[in-house]
Amino acid sequence: MLINRIAGNNLISTKVDSYETVGSHYSIDDHMDEILLLQESKWKKLDTTEKLKVLNTVANIEASNMGISHIINLGTSKLDKQILGQYSNEKYTVYIDIDHLENDDVNDVLNSVCHEVRHCYQHLIVEEYESAAPESKNLMLYKDAIIYKQEFEHYGDLTKDIMRYYTLNCEVDARNYAENAVIVYNKLISAYNVSSENS
């Protein structure tokens with residue numbers, strides 16, 4: 001899941017004004033009907049545009065949870081082999097491979113979206129670090145930002161060095177974040193279903 005490298009053409013997109021702020025309207029409670037569509041039995045009945053819409057809501061819930069103030073757009077593209085998703089910081093857009101979106105398990109696709117939104121967060125903390133006062137740049141709070149900045153500057157074509165890509169701090173962080181997010185969504189869905197059955 002490489003960042004800032006858009007290969008292929010954008011096929012379908014959920015376009016929202018990028019300058020709109022996320023705000024409180026992107027909470028799980030307000031979008032539970034869409035979150036419930038992340039169950040495999042319901043997911044496989046959705047068409048590509050419907051799947052993209054659900055995942056765009058997820059992307060903006062995650063953005064809100066991480067304190068990202070702008071809207072994340074979601075689009076599909078025919079990405080290079082082995083690349084499931086990409087993040088474009090210039091467009092605040094996550095791109096998901098069209099075959100991945102249409103054919104893979106819902107948890108795998110959900111993982112890809114959460115992974116890419118985490119890259120947005122990483123870029124923002126790098127931007128915060130870069131704009132910090134010089135006397136503040138050695139603060140421990142910028143430790144991750146310094147590492148991510150170096151990694152982003154030397155990202156290169158990591159399809160040729162998959163092990164280096166896999167071990168980058170920005171990738172380890174995005175992978176861990178996404179795996180935990182998928183667990184949280186599945187627990188929320190299960191709890192909601194149990195609550196509905198008992199009421």
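## Close-up views of a predicted model

T57 is found in helix α3, and this legend set starts from there. The model is predicted: local features need pLDDT of at least 70 and side-chain atom pairs count only at pLDDT 80 or more, while totals for chains, interfaces and linings use all residues. Residues are numbered from 1 along each chain as its sequence is written, and side-chain values use heavy atoms, with hydrogens and water left out.

**View 1. T57 and its surroundings.** T57 is buried, with a relative accessible area of 7%; buried means under 20% relative accessible area, exposed over 50%, and partly exposed in between (1.4 Å probe, protein chains only). The side chains of T57 and E34 are joined by a polar contact of 2.8 Å. Such a contact is a pair of N or O atoms within 3.5 Å; within protein, one must be able to donate a hydrogen and the other to accept it, and residues adjacent in sequence count only if both atoms are side-chain atoms. Setting aside neighbours within four places in sequence, T57 is in contact with Y26, H31 and E34 (heavy atoms within 4.5 Å).

**View 2. Helix α3 from end to end.** Helices (H or I, at least four residues) and strands (E, at least two) are DSSP runs, numbered from the N terminus. The end C-alpha atoms of α3 are 26 Å apart, which agrees with the 26 Å that its 18 residues should span at 1.5 Å a residue; the expected span is 1.5 Å times one less than the number of residues. Of these 18 residues, 13 are buried, so the helix is mostly covered. At its start, a side-chain oxygen of D47 reaches to within 3.1 Å of the backbone nitrogen of T49. Just after α3, look for G67, with a positive phi of about 80°.

**View 3. The largest nonpolar core.** Here 37 residues come together, and those with the most contacts inside the core are I35, L38, W43, L55, V117 and Y185. The elements that give two or more residues to it are α1 (32-35), α3 (48-65), β4 (93-97), α5 (106-131) and α8 (169-198). A second, separate core of 7 residues includes V126, Y148, Y155 and Y165. A nonpolar core is a set of buried Ala, Val, Leu, Ile, Met, Phe, Trp, Tyr and Cys residues joined through side-chain atoms within 4.5 Å. Zooming in on I35, you will find that it touches V58, I61, Y185 and I189, not counting residues up to four places away in sequence.

**View 4. β2 alongside β4.** Strand β2 (residues 73-77) has 5 of its 5 residues buried. β2 pairs with β4 in the parallel sense over 5 bridges (strands pair if DSSP finds at least two bridges between them). One place to look is G75, whose bridge partner in β4 is Y95.

**View 5. The β3-β4 hairpin.** β3 and β4 run antiparallel and are joined by 4 bridges; S88 has T93 as its bridge partner in β4. The hairpin has 4 residues between its strands. In that loop sits Y92, a residue other than glycine with a positive phi near 50°. Both faces of β3 (residues 85-88) are covered: G85 and Y87 are buried on one side, Q86 and S88 on the other.
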